[in-house]
Amino acid sequence: MDFGDTLTTGMGDFFDIETENIPNELPMMAVRDVVVFNYMIIPLFVGRAASVAAINEAMLKDKLILLVTQKDSSIDEPGSGDVYQVGMVSMIMRTLKLPDGRLKVLVQALCKAQIDEIVKEEPHFVAKITTIIDEEKKSISVKEEALMRTVRENTEKILSLKGIMSSDLMVILNNIEEPGRLADLVVSNLRLKTPESQKVLETFDPVARLSIVAEFLRKELEVSTVQAKIESDAKEEMGRNQREYYLREQMQALKKELGDIDDRSEEIDELRAKLKKMRMPKSVRKEGMKQLKRYEMMHPDASEASIVRTYLDWIIEVPWLRGSKDKLDLIHAKEVLDADHYGLEKIKERILEYLAVRKLNKNPKGPILCFVGPPGVGKTSLGQSIARAIGRKFHRISLGGMHDEAEIRGHRRTYIGAMPGRIIQGLKTVGANNPVFMMDEIDKVGSDYRGDPSSALLEVLDPEQNFAFSDHYLNMPYDLSKVMFIVTANMTDTIPSPLLDRMEVIRLSGYTLEEKMVIAKRYLMPRQIKENGIKGSHLKMSDKILEQIITHYTRESGLRNLEREIGKVCRKIARRVAEGGKGPYKISDRTIISYLGPPKVLPEMETDSIDQPGLATGLAWTEVGGEILFIEVSILKGKGKITLTGQLGDVMKESAQAALSFCRTKLEELELPDTYFEEIDIHVHVPAGAIPKDGPSAGVTMATALYSALSGKQVRKDIAMTGEITLRGRVLPIGGLKEKALAALRAKITTIFIPEENKKDLIEIPEDIRKKLKFVPVKNVDQILGLAFKK
């Protein structure tokens with residue numbers, strides 16, 4: 001049996017039937033969630049087969065039925081032990097059959113009855129009963145009158161507090177003079193639990209029953225009083241903001257009815273579902289739920305609501321525990337690296353070592369590599385190839401010119417427009433917590449009053465700290481230990497020592513002529529042909545012409561200018577094809593000038609200028625690679641003055657002074673008089689004059705050029721030298737040997753004098769370069785002077 005949402009009870013025109021006429025056996029029907037009291041008129045919806053059968057039998061006889069309440073309303077087919085033993089004999093007033101097969105029945109309660117025995121259970125219950133009639137009191141005692149007045153007054157107070165006071169109901173209450181009947185009417189309108197209502201029903205003494213109802217009324221009055229006080233206090237404390245909130249809510253509701261806005265609860269439910277679904281640490285999920293509750297309590301137009309909403313979006317979208325799966329196939333990784341880059345064996349070997357460790361150890365710390373080399377040698381593209389080889393996502397940021405520490409750590413949420421730092425932004429962009437993360441130009445990071453980004457990078461690039469990186473915006477630790485950081489720089493001199501100490505430095509010195517030839521044919525030419533919209537059949541270029549472009553039109557460690565020159569050739573051919581030409585267009589010695597103009601560099605002619613005493617070739621290291629350096633010394637009549645030109649730095653000036661002091665110790669060997677240096681002026685010049693120069697490695701070259709000018713001997717054209725000099729002529733070690741060797745190779749040098757202590761660095765130089773260059777380690781300048789001059 002099912003009930004509707006409302007139960008209608010009340011007083012009406014009762015059927016008058018003598019209790020003596022009630023049979024001692026009646027059909028019985030169990031009801032759910034309601035206890036029927038005397039004088040109630042109540043509609044019931046009957047659906048169970050046993051209940052319908054009981055109704056039908058009652059309608060065939062005297063329309064009387066026993067209504068008893070189920071102990072457990074969840075039982076669909078109750079037995080005799082599942083109902084209370086005291087119920088109500090009721091008269092069926094009307095029945096109506098509904099379209100769904102159920103019956104709608106209106107019944108009137110007549111009197112209580114106690115079950116003595118269940119006579120029959122199928123197809124419905126039939127019970128043997130004993131009716132229970134309240135004794136009629138001839139007079140009411142003072143105590144009983146006081147109890148009845150208390151019940152009436154408390155009932156009136158409760159109805160008044162709830163705002164449902166009815167004059168008709170109070171008239172009915174005041175007209176009832178019987179304690180039992182008053183108790184039944186009041187309790188039938190209280191919202192009591194089923195066991196409590198059944199307790200009242202089973203209390204047969206009218207006065208005792210009224211006392212129980214009075215106690216229930218007292219408790220209800222206390223609750224209603226406190227509830228009314230809370231509502232009153234809340235209304236008094238509601239200020240202007242609260243009133244505006246309610247007004248806005250009403251406006252929102254009106255707009256919603258008009259179809260102008262969506263339900264905000266859908267947005268909050270969606271955020272809550274995402275917080276539960278996304279993989280994240282428990283502490284992060286807890287903070288997200290806390291912020292979501294704050295957001296739920298805020299008005300959408302509040303200024304802080306948008307801040308909290310943005311913060312929730314970041315918490316959800318940052319990949320806390322979501323990463324890509326590594327490809328641990330070392331053979332495949334090597335194939336990818338070889339396909340994308342020619343040479344660079346040391347770097348490829350390091351990446352394969354990392355993959356091998358990753359294969360054996362499932363949770364290694366991410367390496368922090370620093371690629372140092374001149375522009376155009378492929379540092380950034382190498383990072384992309386590494387990501388592709390190991391199956392990770394790739395993200396790149398540029399640190400060049402960065403001054404604000406908040407770019408790394410993020411802004412605190414108290415600031416307008418606050419957002420996380422570029423580390424967290426990058427991880428959100430790639431959607432993984434283990435990408436290959438490249439930071440370009442770390443040697444060009446600045447610092448000012450806004451902070452020092454390089455100090456903030458100490459935490460990011462330290463494997464012992466970055467497992468709990470703290471971003472000011474998120475204000476929660478983030479694990480960066482799975483990220484593979486790769487930073488690039490042109491030089492390490494400007495990188496702070498504590499930061500440099502945290503990185504594994506790998507140097508990319510540049511490419512030889514042969515390497516440039518291979519790279520140009522494999523990568524640069526196909527890329528430029530594709531970018532300029534022509535076909536490979538439109539262009540014919542021999543290896544000899546390609547070599548001529550490399551040697552006569554570029555002079556660099558990297559490949560950028562070479563790619564520009566190839567692109568220039570492709571663009572001119574593209575124009576001809578667009579004008580109707582069919583090609584192929586062959587680039588020859590005669591036509592190359594029409595494509596690229598006259599040669600920009602003549603390396604074979606550079607050392608030809610070493611054709612008189614006082615000239616020597618040195619080697620220098622710059623942030624764009626190695627360079628050859630010419631030292632010119634002129635001896636003039638004068639008074640012992642030395643002039644240094646060519647924008648020399650303090651270190652080079654001191655090297656010139658040291659070289660001069662060394663040469664003054666050679667007067668006897670040079671067969672010069674003791675007063676010779678007091679009668680001459682010495683001018684040392686290092687072209688080109690517009691380029692600033694500094695460093696100690698030109699000391700031996702200055703000493704050799706000065707000795708050449710003093711002795712009148714000419715230095716060989718095919719040699720170059722590098723090394724720092726002391727007053728005693730010792731040659732001290734230098735850096736950048738590989739870059740200097742490449743510069744010498746480009747200038748057609750065949751022999752290089754290097755410090756003895758740099759002999760160990762020859763292993764870093766590729767074997768093909770060592771075959772083309774003769775490296776002569778020396779401990780003293782005298783060894784150079786014995787080999788450097790023409791015979």
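Tutor: Asn475 sits in the loop between β10 (469-470) and β11 (477-478); strands here are DSSP runs of E with at least two residues, helices are runs of H or I with at least four, and both are numbered from the N terminus. This is a predicted model, where local features need pLDDT of at least 70, side-chain atom pairs count only at pLDDT 80 or more, and totals for chains, interfaces and linings use all residues. Residues are numbered from 1 along each chain as its sequence is written, and side-chain values use heavy atoms, leaving out hydrogens and water.

Student: Where is Glu671?

Tutor: In the loop between α24 (667-670) and β19 (680-685). Glu671 isn't a glycine either, yet its phi is positive, about 60°. At 72% relative accessibility, Glu671 is exposed.

Student: Switching topic: which residues does the cis peptide bond join?

Tutor: Glu122 and Pro123, with omega about -5°. Pro123 is in the loop between β5 and β6 (125-132).

Student: Last one, α1. Which of its residues are buried?

Tutor: Ser51, Val52, Ala53, Ala54, Ile55, Glu57 and Ala58.

Student: What do they pack against?

Tutor: β1 (25-31), β2 (41-46), β3 (64-69), β4 (86-97) and β5 (103-120), with contact meaning heavy atoms within 4.5 Å.

Note on methods
Buried means under 20% relative accessible area, exposed over 50%, partly exposed in between (1.4 Å probe, protein chains only).
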